[in-house]
Amino acid sequence: ISGSTWVNAGTSGSNLDYTLLNNPTTTTVNGRTVLSFAGGAAQSPGSMTGQYAFNSTGIVELINSNQAFTLEVWFSPRAANAGNLIKEFGQSLNGVPSPGWEDSWLAFNNGNIYTGFWTGSGNAYATAAAYTQNNWYQVVMSYNGTNQLKTYVNNALGSTQNISRSANGYGCMLSIAACEQYTYLGGPNPYFTGYIGEFRIYTTALSAADVTQNYNARRGRYGL
């Protein structure tokens, strides 16, 4: 973390840095700094005052509809309804989301972890696992680029969805911890409440062996 920037630690450059909006804070877990997001009720793009992180440039170039990719996030939900963690926007203005396309990819509702995305005719979600407030989790969403999304939770396969992602026609601007104003998961989903330790993006579909390797390399950081 550098000021209001969540700095990309990979090799793809600063265009994958995230801007931290509305002052999320940091805390320490097992001697490591993690981000802390306070949650809050859903709001419309253009008037979002809750805490979240946003990238309006590099992710558009990194992920498109016919490309394999994997998202990996380590987090600890700190509320019974922990809200929305990963979300796609289609438009931005002055570096923040603007009204238009928005689509949850990873969210929490009724004690469950849900993953999915827009398929061209609707949003397809699967329940990957139940979650317990204040515990730490690794969630990996591995998409093969054509017709299958696998979600792993703490190194266990939670769901396999035979779905194809459809582009929104604008771009793929992924936010972290931003709210969802629509009803894809039964009602507006609030800003994420909890801690985020790591967020990783791969331009390949990670295998089960890859997921295991990452899990075993980092689980000790989060007491797993």
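Arginine 200 sits in the in-between class: its relative accessible area is 27%, so it counts as partly exposed (buried means under 20% relative accessible area, exposed over 50%, partly exposed in between, with a 1.4 Å probe and protein chains only). This is a predicted model, where local features need pLDDT of at least 70 and side-chain atom pairs count only at pLDDT 80 or more, while totals for chains, interfaces and linings use all residues. Residues are numbered from 1 along each chain as its sequence is written, and side-chain values use heavy atoms, leaving out hydrogens and water.

Arginine 200 pairs with glutamate 198 in a salt bridge (a side-chain nitrogen of Lys or Arg within 4 Å of a carboxyl oxygen of Asp or Glu). Glutamate 198 is buried, at 8% relative accessibility. Glutamate 198 also meets arginine 221 in a salt bridge. Helices (H or I, at least four residues) and strands (E, at least two) are DSSP runs, numbered from the N terminus. Through shared partners, salt bridges tie Glu198, Arg200, Arg218 and Arg221 into one network. Arginine 221 is partly exposed at 26% relative accessible area.

Elsewhere, arginine 165 pairs with glutamate 88. Arginine 165 is in the loop between β15 (156-161) and β16 (173-176), and glutamate 88 is in strand β7 (residues 83-89), 77 residues away. Both residues, arginine 165 and glutamate 88, are buried.

The whole structure has four salt bridges, including these:

| Pair | N to O distance |
|---|---|
| Arginine 200 and glutamate 198 | 2.9 Å |
| Arginine 165 and glutamate 88 | 3.0 Å |
| Glutamate 198 and arginine 221 | 3.1 Å |
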